[in-house]
Structure formats: structure tokens, C-alpha cells
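Me: I have a structure open and would like to talk it through with you. Could you take a look with me?

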Number of protein chains: 2
Amino acid sequence: MPLPLEMARLFTEEKIAFVKRMGLKADALEAGYVRLHIPLAGNENHIGTAYAGALFTLAEIPGGALFLTSFDAKRFYPIIKEMNLRFRRPATSDVTVEARLSTEDIERIQQQAEQDGKAEYLLELQLRDTSGEIVAESRGVYQLRKH
Amino acid sequence: MPLPLEMARLFTEEKIAFVKRMGLKADALEAGYVRLHIPLAGNENHIGTAYAGALFTLAEIPGGALFLTSFDAKRFYPIIKEMNLRFRRPATSDVTVEARLSTEDIERIQQQAEQDGKAEYLLELQLRDTSGEIVAESRGVYQLRKH
């Protein structure tokens, strides 16, 4: 069973101190769908726009948040294998990301991890500023592993 | 002229609050060569190893640190265009990275930025734990831009 919503929120926002320090928040946590955002304040780079490491983290956490809402956290855990991030334009506001996994994908990934001990899942995401412009695009390769 | 050493250190370790919060430290800052490390403590993920976002940041900052030690900070500034990170094994200790740019590369990049207003530079790095094992490999594309 996936985690209860409030536990998924706690794990997403506070389980990793690094993530908590940057103020990442979960706006939606549903089976197969998450929406997260980070504040610009406190996460600026040397020219006052969102720092690359903060954007990376916003792009990376959806893999774990979708795990919490969609997979059986008692039987599996996620790790990240590879991440590519392309910075499209400076982010001068808070930044939001949405990520989805279909019910079909969730079942397929979980069945494969059950059978083989691990299964990859891929997330290709767009990070957007508050006006909806894409500031960065990511491609993350995760692996669901059996405990 | 590149920045004086103590100013380069201050900029590398403290200019970006996000970076300061994770405790990144510069062990060497020379023209064409930098060595940086991050502590594991405070940067752990959900399974107690170094969090991906901390590894990303350790891989990303050398582009800026080399800028500070090697390029003319009065005339140019750096931005990051793209970063790829491959996670090879969990990091269970502090993590170190070294990065180099040859004198020839520094001159060529700076001349191109002077002429065209911008010039790309590429850093392919290895992140290592305290036993010298590679925990992640990165490929970062930066751009030197003229003020």
C-alpha cells in the first residue's frame, strides 16, 4: 500500500534535511500525480535567479514523491540512477513541477520489481516559473528496488 | 584579473546560501584547478547516503569556482546550460571533486567570450568518496558571458 497522504507529505517535505532546508513543498500528492514547488527566496544563485542545485532537487524529488503515493513503500524503495537537466532560462520566481505515472505504468513497474528485484522508471519533466514559462527540463532515470 | 584567493573562497563557500547551507568547502582554489568537498552529515538522503541534490551541487560548483580562479570576474560571468549526473554507487562518506582547465583552454574560452559575447566550457568530473571510489560522474556545460 502507498503511504497515507499526510505521511507522504511529511516524507516529501521533511524526510531529507537537504530538501527541507530549501523549503520544497508538495501542492498535490495523489496516486500517479504530484505537484511540487520551491520558493525563490533562499534559493538564489550569484545573479539572483533560482540556483541550479535547487532546480535539480525540484526535478529529482518527484521520483520519490510518486513512489510514496503510488508504490508499496513496505515492499519497495526508490533510487536515482541518472539525471539530466537543461537550463532553458533564468527562474526569477518560485518554481513548480508536475509529474505523472499512469496506473498501467505503476502496475508494470511494481510487477517487474517484484519479479526481478528492480525496475526502472523514467520521468521527463518541465520546471515552470509562476508565469508558466519553462525554466528547465529534466530527464530522470529511477529504479524501484525490492527490500 | 581572477579574484584574490580569499575572495574566491568566500564566493565559492558563502555567496550562494543554498551552497553554504550544505557545508561545501574549497580545499584548493588555483588558476585552472579546484578541489571541493561536502560533508555527508546534514546531506543524507532517505537511506542515509549522500542525497542526489548534494552530489549535483558538488558537481556544479566547480564550474563557478574555476571561473573565480581563472577568468576575469570584472569582464565575465558564468552560467550553466546543462548538467548530466550518473549515480554510480551510494556515497557513505564525505565526497570530493577535482576540476581542471588548462591555461590554453582558459585563454581560448576568454578570447571567444570577448569576441562573441559568450563561450561554452565543458567539465566532465568524477565525485569520489573518502576511499577514492567514484560515487557519481558528471558532465556540465557552462557558458562564459561578457558583462
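**A hairpin, and then the whole assembly**

Reply: In this predicted model, strand β1 of chain B pairs with strand β2 (residues 33–38) of chain B in the antiparallel sense, over 5 bridges. Within that pairing, Ala28(B) stands opposite Arg35(B) in β2(B).

Me: And what do β1(B) and β2(B) form, with how many residues between them?

Reply: β1(B) and β2(B) form a hairpin with 2 residues between them, and Gly32(B), which is in the turn, has a positive phi of about 80 degrees.

Me: OK, zooming out, what is the strand order of the open sheet?

Reply: The open sheet has 12 strands, and the order is β1(A)-β2(A)-β4(A)-β5(A)-β6(A)-β3(A)-β3(B)-β6(B)-β5(B)-β4(B)-β2(B)-β1(B), with antiparallel pairing. The edge strands are β1 (25–30) of chain A and β1 (25–30) of chain B, each of which pairs on one side only. From one strand to the next, the twist averages 20 degrees.

Me: In which sense do β3(A) and β3(B) pair, and over how many bridges?

Reply: β3(A) and strand β3 (residues 76–87) of chain B pair in the antiparallel sense, over 5 bridges. Leu85(A) stands opposite Met83(B) in β3(B), and Leu85(A) also stands opposite Ser138(A) in β6(A).

Me: Then the interface as a whole: how many residues of chain A are in contact with chain B?

Reply: There are 27 residues of chain A in contact with 27 residues of chain B. The elements giving two or more residues to the chain A side are α2 (17–21), α3 (52–70) and β3 (76–87) of chain A, and β3(A) gives the most, with 9 residues. By type, the residues on that side of chain A divide into 14 nonpolar, 7 polar and 6 charged.

Me: Why do you say the copies meet through the same surface?

Reply: The copies meet through the same surface because 100% of the interface residues of chain A are also interface residues in chain B.

Me: Switching topic, which strands does α3(A) lie across?

Reply: α3(A) lies across β1, β2 (33–38), β3, β4 (95–100), β5 (118–129) and β6 of chain A together with β3 of chain B, and α3(A) runs at about 150 degrees to β3(A). Helix α4 (residues 103–116) of chain A lies across β3, β5 and β6 of chain A, running at about 145 degrees to β5(A).

Me: How many helices and strands does chain A have?

Reply: The secondary structure of chain A comes to 4 helices and 6 strands, and along the sequence the pattern is α-α-β-β-α-β-β-α-β-β. The radius of gyration of chain A is 15 Å, close to the 15 Å that the globule rule gives for 147 residues, so chain A is as compact as a globular protein of that length. Taken along the principal axes, the C-alpha atoms of chain A fill a box of roughly 50 × 30 × 25 Å.

Me: Two single residues before I go. Is Ser131(A) buried or exposed?

Reply: Ser131(A) is exposed, because there are 7 other C-beta atoms within 10 Å and a residue counts as exposed at 12 or fewer. The place of Ser131(A) is in the loop between β5 and β6 of chain A. The C-alpha atoms of Ser131(A) and Asp94(A) are separated by 9.7 Å, the two residues being 37 residues apart along the chain.

Me: And where is Met7(B) found?

Reply: Met7(B) is found in helix α1 (residues 5–14) of chain B, and Met7(B) is partly exposed, with 14 other C-beta atoms within 10 Å. Met7(B) and Gln143(B) are 136 residues apart in sequence and, C-alpha to C-alpha, 22 Å apart in space.

Methods: Residues are numbered from 1 along each chain as its sequence is written. Chains are lettered from A and ligands numbered from 1 in the order in which they are written. This is a predicted model: local features need pLDDT of at least 70, side-chain atom pairs count only at pLDDT 80 or more; totals for chains, interfaces and linings use all residues. Two residues are in contact if their C-beta atoms, placed from the backbone, lie within 7 Å. Ala, Val, Leu, Ile, Met, Phe, Trp, Tyr, Cys and Pro count as nonpolar, Asp, Glu, Lys and Arg as charged, and the others, Gly among them, as polar. Two strands pair if DSSP finds at least two bridges between them. Axes are lines fitted to C-alpha atoms, for helices over the stretch in contact, and angles run from 0 to 180 degrees between N-to-C directions. The radius of gyration is taken over C-alpha atoms; the globule rule is 2.2 Å times the number of residues to the power 0.38. A residue is buried if 20 or more other C-beta atoms lie within 10 Å of its own, exposed if 12 or fewer, and partly exposed in between; C-beta atoms are placed from the backbone.
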